Amino acid sequence: SCRQLPQPSTPSIMLYKDTNFPKTVDGQVLHLHVKEGQVAPRVLCVGSAGRGARVATLLTEVATYSSPRGFVTYTGNFEGTPVSVVVTGMGAPNMDFFVREAREIVQGTMAIVRLGTCGLFQKHLEAGAVCVATEGNIGVIRNPDAWSGVEVDPYTITRPVFGDEALTGKVKDALVESFGQEGVVCGTNCSADSFYASQGRTHPAFDDRNENLLQRITENYPQVVSCEMESFHLLDLARISKGSIKAAAVGISLANRLTNDVLDSAKLPQMEIEAGRAILRALVQSEW
C-alpha cells in the first residue's frame, strides 16, 4: 500500500455565515460572484455568452467578472453612464439568481432589460423580427401532478405580468429607430418553463400531452407574438421588488414556430449588437 503523506494543517474557513442570503467572506453574492460596486444600476441581461461578449464591446472602461457558475458580468460605461451587461444563462432559475443577487448588492433603483432570442407564434411574422413585450408576458408551466393521476391540466397558463411602461416605451422607440417600424413587433411574450414540452414541442419518447398547447396559448392570448424561457420571471420579480426594479423584455426572433421560417444565422451577431446598442441607449436615457 502507498504511504500517506501528512497533510499540512490549515485553518477552517466558512464558505458563508448567513444561510438565508449567502455571501462569501469578502462580500460576494454566491452565484454571480460579484459584490457591491461591481454591478451598475442599469443592466442589460442576456442568456448567451457570445451575445454578452458582443454587446459588451459597446462599453468603455470595462471590468469583467466571471463566476464558476457560468455568470459573466461586464461593467463599464455607455455614453458616459455606468452600465452592466450580464450573461445569465438560460431559464427562470438562473434569472432568479441574477435578479435577487444583483438587487442585494446594488444601491438604489435598478433598471433591467433582457435581450434574448425567441420563437414567433404568429404566422404572418418573419424570423428576424425584434419583439418587445409591450402587452405583458404570460408564463407556461408544466404541472407534474397531471402525470400522478390527478385531474388537472398538464400545463398552467398564467395571467400576464407587465414591464415598466416608461422603460418599455423607451426601449421600443430606440429599437424602432435602429430597425425601422417594420422590423419591430409589439405584443405579448410567452415564457415557458422549458424549451421542449412547455413550448409545444413533441417527441415520441415522451408522454408530454402538449399536442394542443400552442393552440391553447394563442386562443387564450391572441396577442402573443413570441415565446422564450426567462422574461416572465424577470418581470414578475420586478413586480414584487417593492418598486425597486424597473424591467422590460426584448427578443430577437430566430424562427416562426407555425411556418418553420428560420433566421439566417449569419445575420444574428450584427442584430444582437444593434439591438444591444439601442437598449443601452434607452437605459442611459431613462430616469427615475
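Q: Among contacts in the chain between residues at least 6 apart in sequence, what share joins residues at least 24 apart?
A: That share is 74%. Contact here means heavy atoms within 4.5 Å. This is a predicted model: local features need pLDDT of at least 70, side-chain atom pairs count only at pLDDT 80 or more, and totals for chains, interfaces and linings use all residues. Numbering starts from 1 along each chain as its sequence is written, and side-chain values use heavy atoms, leaving out hydrogens and water.

Q: How many helices and strands does the chain have?
A: Six helices and twelve strands. They are DSSP runs numbered from the N terminus (helices H or I, at least four residues; strands E, at least two).

Q: What box do the C-alpha atoms fill?
A: Roughly 70 × 55 × 40 Å along the principal axes.

Q: Which residues lie nearest the centre of the largest pocket?
A: Thr117, Cys118, Phe195, Met229 and Leu254, out of 19 lining residues.

Q: Which strand gives the most to that lining?
A: Strand 5, with five residues. Strand 5 covers 110-120, and strand 11 and strand 12 also supply at least two residues each.

Q: And the second largest pocket, what lines it?
A: The run from His124 to Ala129 is there: His124, Leu125, Glu126, Ala127, Gly128 and Ala129. Phe179, Glu182, Gly183, Val185 and Met271 complete the lining. The space is about 190 Å³.

Q: Switching topic: how many cavities of 30 Å³ or more?
A: One. The largest cavity holds about 50 Å³.

Q: Which residues line the largest cavity?
A: Cys131, Val132, Ala133, Asn189, Ser226, Glu228, Ser231, Ala249, Val250 and Gly251. Strand 6 (130-132), strand 11 (224-228) and strand 12 (245-256) each give two or more of the lining residues.

Q: Which strand gives the most there?
A: Strand 12, with three residues.

Key. On a 1 Å grid over the protein atoms alone, a cavity is a set of points where a 1.4 Å probe fits but cannot get out, and a pocket is an open set with protein on both sides within 12 Å along at least five of seven lines; lining residues have an atom within 4 Å of a point. Grid points are joined across faces, edges and corners, and a volume is the space filled by probe spheres set on the points.
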